[in-house]
Amino acid sequence: MPNLILDRENKGATPILPAHIEDTVRAIADLHHEHHRKATPVQRTVARMTSAVGRPRFVGVLTLAILAWVGLNLVLPALGHASFDPPPFAYMQDVGGVLSLYVTSLILITQRHDEQLAEHRAQLTLELAIVSEQKSAKIIALLEEMRRDHPHLTDRVDDEAEAMARPANPQAVLDAIKDTHGDLLSTEGQITPA
């Protein structure tokens with residue numbers, strides 16, 4: 001069943017986006033859905049925990065917990081009871097350190113899982129860019145062919161169009177980027193500070 005993006009003003013079934021864009025939106029949504037579907041139960045639990053820690057409510061609850069801890073440890077001696085963590089609150093510092101370790105671990109686990117999705121998107125973007133470049137080269141080649149064959153168009157040599165009509169070799173482009181990057185790094189290494 002197609003998921004159409006509808007024109008809300010008319011409340012009808014008229015799509016407001018062309019079909020090819022809807023297909024693209026659906027493909028991206030499917031990529032995200034598949035990524036989340038393949039997540040293990042542990043990864044989903046960690047993601048929910050990280051999401052909870054990343055909300056302003058968590059800061060509020062944490063602040064209230066710290067104030068309650070400090071307040072209770074200051075009030076108990078005044079009421080004649082022993083404080084379970086007297087100032088400088090060594091136990092609270094230990095709990096804070098352990099909590100920091102867990103929060104950091106949760107964030108790193110979630111980040112690692114999200115990086116997998118980012119890698120898939122980057123791969124998709126790269127593949128689509130290569131295909132688009134090949135299509136553009138084909139269009140230029142067809143236009144040049146039409147210009148040569150059409151009796152009402154002046155035939156002339158266009159070196160730039162001829163060069164653009166040939167699809168780029170992705171490996172050659174990658175090698176050129178690496179060479180340029182390496183040249184820039186070696187040039188920066190030769191520059192001496194003034």
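Helix α1 (residues 19–37) and helix α4 (residues 90–149) approach each other to within 11 Å between their axes, crossing at roughly 150°. Because of that angle, α1 counts as roughly antiparallel to α4. The model is a predicted one.

**Packing of α1 on α4**

- The crossing of α1 over α4 is right-handed.
- On the α1 side, the contact is formed by L31, H32 and H35.
- On the α4 side, the residues taking part are H113, D114, Q116, L117, H120, R121 and L124.
- By residue class, this contact comprises three nonpolar, five polar and two charged residues.

**Packing of α2 on α4**

- The axes of α2 and α4 lie 9 Å apart, and the two helices pack at an angle of about 120°.
- That angle makes α2 oblique to α4.
- The crossing of α2 with α4 is left-handed.
- Helix α2 contributes Q43, V46, A47, M49, T50 and V53 to the contact.
- Helix α4 contributes V103, L106, I107, I109, T110 and H113 to the contact with α2.
- The residues of the α2 contact divide into eight nonpolar and four polar, with no charged residue among them.
- H113 of α4 takes part in the contact with α1 and also in the contact with α2.

- Helix α4 comprises 60 residues and spans 86 Å from its first C-alpha to its last.
- This span is close to the 88 Å expected at 1.5 Å a residue.
- The buried residues of α4 are V103, L106, T110, H113, L117, A137, I140, E144 and R147.
- An α-helix has 3.6 residues a turn, so residues three or four places apart point the same way.
- The elements covering the buried residues of α4 include α1, α2 (41–53) and α5 (159–164).
- Of these buried residues, L117 also belongs to the contact with α1.
- V103, L106 and T110 are likewise buried, and they belong to the contact with α2.

- R147 lies in helix α4.
- R147 has a relative accessible area of 11% and therefore counts as buried, the cut-off being under 20%.
- Beyond its neighbours within four places in sequence, R147 is in contact with L153, T154, D155, R156 and D158.

Notes:
Residues are numbered from 1 along each chain as its sequence is written. This is a predicted model: local features need pLDDT of at least 70, side-chain atom pairs count only at pLDDT 80 or more; totals for chains, interfaces and linings use all residues. Side-chain values use heavy atoms; hydrogens and water are left out. Axes are lines fitted to C-alpha atoms, for helices over the stretch in contact, and angles run from 0 to 180 degrees between N-to-C directions. Helices (H or I, at least four residues) and strands (E, at least two) are DSSP runs, numbered from the N terminus. Angles under 35 degrees count as roughly parallel, over 145 as roughly antiparallel, 65 to 115 as roughly perpendicular and the rest as oblique. A crossing is left-handed if the near helix is turned anticlockwise from the far one by less than a right angle, and right-handed if clockwise. Contact means heavy atoms within 4.5 Å. Ala, Val, Leu, Ile, Met, Phe, Trp, Tyr, Cys and Pro count as nonpolar, Asp, Glu, Lys and Arg as charged, and the others, Gly among them, as polar. The expected span of a helix is 1.5 Å times one less than its number of residues. Buried means under 20% relative accessible area, exposed over 50%, partly exposed in between (1.4 Å probe, protein chains only).
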